[in-house]
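Keep the sequence and the 3D view open as you read.

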Amino acid sequence: MSTLLYKIGKTAFRKPVYFIIGWVIILGIVISMISINGIHISSEMKIEGTESQKVLDQLAKELPAASGGQGSVVFKAPDNERLDTPERVAAIMKGVSEVYGLDKVINPADYAAAQASSLGSSADAAQSMNMAQSATASPPPYGPLIVNNAPVPGVLISSDRSTALFQFQFTIEQSAITQDVFDSVIQSVMKVEQGTQIKVLPGETLKSVSIGVGSAEIVGLVIAVIVLLITLGSVVAAGLPLITALLGVAIGVGGAFSISKFVDMPSVTSVLALMVGLAVGIDYALFIVNRQRRLIIDQRLSAQEATARAIGTSGSAVFFAGLTVIIALCGMLVIGLTFLSTMALVAAATVLINVFVALTLLPALLGLVGERICSKKAREKNVKSSGTSSHGVADKWVKFVIKNRWATVIAIILILGFAATPITKMEMGIPGASSANLDTNARQSYDAISEGFGEGFNGPLILVAEPRNASAKMTPELLGGLAMELQGQNNVTQVSPLGMTEDLAIFSLIPKTGPNDAATKTLVNDLRSTDSSMARTFDVKLGVTGLTAVNIDMSAKLSQVFPIYVGIIILLSLIILLLVFRSIIVPIKATIGFLLSILATFGITTAVFQWGWLHSLFGFDTGGPLLSFMPIIVTGILYGLAMDYQVFLVSSMRESYVHGHRGTESVVHGYNQVSRVVVAAAVIMVSVFAGFIFTDDVMIKQIGFTLAVGILIDAFIIRMALVPAVMAMFGDKAWSLPKWLDRILPNLDVEGEKLMATLSTHNDKVKPMSDSKS
């Protein structure tokens with residue numbers, strides 16, 4: 001491997017124009033495809049195979065209008081005033097009518113006519129609906145808004161007449177509604193505020209589930225530039241990792257956009273690819289450039305020979321580090337969720353592109369820069385300090401850790417174990433209005449609904465009842481009986497029939513508890529039970545859907561497959577690390593270290609975002625559930641980056657061992673060679689991800705916080721302290737391998753031992769440069 005990469009690096013350095021033009025052509029193709037096909041982004045995130053999605057698919061097939069998502073808007077009167085004045089009622093009526101006239105929104109009048117037609121006659125429809133409505137006769141502390149002795153469709157008003165709730169339905173599923181549809185609704189209802197002093201509060205349902213890109217990335221890149229300048233000490237050297245990383249991300253993310261016309265592309269896909277692409281792109285280029293400069297300064301090699309050797313040795317580490325990231329991301333495919341699979345494949349492709357960019361374009365750019373990559377001052381400084389064995393802070397730190405290896409290991413296990421304890425109470429869900437900041441419309445809408453109508457109105461459920469017997473038909477009597485039985489269930493506030501065909505009936509059910517309450521989850525599971533007394537009495541099967549049920553199912557599904565996902569990526573990565581390091585101890589140590597860091601990371605995240613610890617510091621008011629798909633995404637990213645640092649650090653220690661250093665000397669020497677670049681890469685990534693913490697969206701906050709804390713723990717506690725301590729414990733035995741296994745494993749030569757032997761044999765080594773050259 002190292003010999004092949006050495007040849008690639010030397011060729012790219014000698015003939016940079018060909019490689020640069022090749023990558024420019026690829027970028028041009030991507031840009032051309034985008035201009036032809038356009039960018040088509042969706043917020044749809046279906047959870048295939050869940051009960052709620054099965055019900056939605058059934059409704060979409062048999063009664064399409066009833067499968068649509070739900071929306072809500074709150075109208076709030078000024079303090080100590082009422083909404084039911086003629087002027088305010090007229091304004092509300094106008095806004096409601098305008099919403100019902102929008103595309104993708106169901107007009108109740110049209111829907112009622114369609115229902116009457118499907119039931120055979122309007123008389124039958126009226127009979128069935130009236131019987132069911134009479135079953136829910138318990139008078140609530142609210143009622144419909146009455147205008148001209150007739151209720152306004154979809155509008156309820158609180159008992160003190162200070163709050164009105166407007167609920168309506170879309171013609172398409174909630175996950176498929178684009179933000180422009182929501183914006184049309186919001187623009188229509190906001191007109192109600194004009195001249196009425198009514199406060200209009202759009203609900204959380206009028207917001208697409210998406211994670212956008214903002215100024216945080218720019219701040220992160222600025223910090224990256226500063227860290228690169230400090231680490232490499234040269235504007236030219238610092239610019240190369242940024243150029244290659246940005247090009248890799250542009251091709252990877254742009255390539256995904258270019259095919260989005262033919263493949264459903266969730267909006268979160270580009271963000272995941274961007275975060276991972278920038279992370280590994282900067283890391284890989286930084287590692288190679290740092291190695292090249294060390295070879296030039298320490299061994300007095302020419303820029304060409306140093307580049308070729310850096311690609312041959314550090315490039316091998318980059319290749320296998322990238323492979324572990326790709327494996328971690330592709331592990332999401334086993335989950336079987338389309339939107340996660342798409343995200344994983346795009347991110348993995350971006351990582352692969354960044355690996356190829358680092359191994360081909362980077363040496364070509366180094367060829368253009370030539371000897372200017374190191375200044376004469378840097379070379380002369382090294383000559384003056386060549387007799388010094390100390391490597392400053394890194395040398396003192398690693399020797400301290402090795403001297404106190406047992407105490408270090410025990411302290412790290414105890415500290416991270418304590419930090420992980422909150423994970424036992426971790427609750428998964430979709431953070432929504434209930435945990436939004438108090439000054440946001442979404443939170444104020446949630447609180448107004450809870451106060452005026454009950455918390456359950458923030459998360460209505462859609463129920464579908466169908467006879468178990470295929471020959472049985474749905475009747476008005478059965479509809480009314482079911483409505484009465486549902487109304488009598490625990491934790492149910494209101495049941496309203498929405499429609500009926502010969503094969504099924506649809507109800508809207510309002511729980512007493514909120515969408516993220518454990519009691520609501522219990523209610524959903526009880527309603528779905530095929531052994532319930534209601535299911536047996538009426539001989540029906542009940543399906544439950546709606547945004548609340550979808551979120552419950554998503555959390556359950558992802559919690560179920562998460563251990564499988566972790567097991568797969570750990571198994572495959574153990575194999576990769578076994579091949580790279582030709583050691584049993586090193587892969588096991590790396591995996592245990594990662595598990596310690598990821599458990600502590602999720603424990604700290606739970607304490608902060610669920611329990612609300614230090615909430616004011618991180619800019620949110622109320623704790624809530626953790627984003628259900630966050631653990632899988634974060635684990636994939638963190639595992640990949642952790643193995644990057646593992647490969648960079650331990651491959652340097654193994655290289656020192658292969659080239660003659662023994663015992664703790666190889667640990668110290670290898671640590672000193674790369675610790676600075678690992679710390680720099682980690683600081684850059686922590687800064688980039690930490691920028692997301694201070695955005696307004698709580699989901700972005702959680703992802704940014706978890707990634708920042710995860711890298712902080714893994715890089716500075718696991719890799720910088722636990723790894724050298726454990727390596728010192730085992731000494732040279734860390735590189736031992738059973739003879740039978742040593743014979744069957746291929747020698748990938750990541751350390752470049754074969755490469756150095758080949759160079760020596762063919763006398764291909766470039767003579768050291770004279771002191772006068774620069």
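**Strands, cores and salt bridges**

Met-500 stands opposite Ala-505 in strand 9. The model is predicted.

Q: Which residue is the bridge partner of Leu-463 in strand 9?
A: Strand 7 spans residues 461-467. Strand 7 and strand 9 pair in the antiparallel sense over five bridges. In strand 9, the partner of Leu-463 is Phe-507.

Q: Are the faces of strand 9 covered or open?
A: On one side, Ala-505, Phe-507, Leu-509 and Pro-511 are buried. On the other, Ile-506, Ser-508 and Ile-510 are buried. Seven of the seven residues in strand 9 are buried. Both faces are covered.

Q: How many residues are in the second, separate core?
A: Nonpolar side chains tend to be buried together in soluble globular proteins. The second core includes Phe-75, Leu-83, Val-96 and Ala-164. Its size is 29 residues.

Q: Which residues does Ile-711 touch, not counting those up to four places away in sequence?
A: Ile-711 is among the residues with the most contacts inside the largest core. Its contacts beyond four places in sequence are Leu-638, Leu-641, Tyr-645, Ala-682, Met-685, Val-686, Phe-689 and Phe-716.

Q: Is Ser-72 buried or exposed?
A: Ser-72 sits in strand 1, residues 70-76. Leaving aside neighbours within four places in sequence, Ser-72 contacts residues including Phe-166, Pro-202 and Ile-449. Its relative accessibility is 11%, and buried means under 20%, so Ser-72 counts as buried.

Q: Which residues form the nonpolar patch on the surface?
A: One member, Val-263, lies in the loop between helix 9 (235-258) and helix 10 (267-299). Val-263 is partly exposed, with a relative accessible area of 35%. Together the patch residues have about 700 Å² of accessible area. They are Val-17, Ile-21, Ile-25, Ile-29, Met-33, Ile-259, Phe-262 and Val-263.

Q: Where is Gln-197, and is it buried or exposed?
A: Gln-197 has a positive phi of about 65° although it is not a glycine. Its place is the loop between helix 7 (179-190) and strand 5 (199-202). With a relative accessible area of 58%, over the 50% cut-off, Gln-197 is exposed.

Q: What is the phi of Asp-539?
A: Asp-539 lies in the loop between helix 19 (533-538) and strand 10 (540-545). Asp-539 is partly exposed, at 37% relative accessible area. Asp-539 is not a glycine, yet its phi is positive, about 55°.

Q: What is the distance between the closest N and O atoms of Glu-51 and Lys-54?
A: Both residues lie in helix 3 (residues 51-62), three residues apart, about one turn of the helix. Glu-51 is partly exposed at 42%. Lys-54 is partly exposed at 46%. Their salt bridge has its closest N and O atoms 3.9 Å apart.

Q: How many residues apart are Lys-191 and Glu-98?
A: Their side chains meet in a salt bridge, 2.8 Å from N to O. The pair links distant parts of the chain: Lys-191 in the loop between helix 7 and strand 5, Glu-98 in helix 4 (residues 86-100).

Q: Which residues are linked with Glu-305 in a network of salt bridges?
A: Glu-305 and Arg-309 both lie in helix 11 (residues 303-330), four residues apart. Glu-305 is buried at 0% relative accessibility, and Arg-309 is buried at 4%. They form a salt bridge with closest N and O atoms 2.8 Å apart. The residues linked with Glu-305 in the network are Lys-10 and Arg-309.

How values were computed. Residues are numbered from 1 along each chain as its sequence is written. This is a predicted model: local features need pLDDT of at least 70, side-chain atom pairs count only at pLDDT 80 or more; totals for chains, interfaces and linings use all residues. Side-chain values use heavy atoms; hydrogens and water are left out. Patches are made of residues with over 30% relative accessible area and no salt bridge: like charges are joined within 9 Å, nonpolar side chains (Val, Leu, Ile, Met, Phe, Trp, Tyr) within 5 Å. Accessible areas come from the Shrake-Rupley method with a 1.4 Å probe; for residues, only the protein chains shown count as cover. A salt bridge is a side-chain nitrogen of Lys or Arg within 4 Å of a carboxyl oxygen of Asp or Glu. Helices (H or I, at least four residues) and strands (E, at least two) are DSSP runs, numbered from the N terminus. Buried means under 20% relative accessible area, exposed over 50%, partly exposed in between (1.4 Å probe, protein chains only). A nonpolar core is a set of buried Ala, Val, Leu, Ile, Met, Phe, Trp, Tyr and Cys residues joined through side-chain atoms within 4.5 Å. Contact means heavy atoms within 4.5 Å. Two strands pair if DSSP finds at least two bridges between them.
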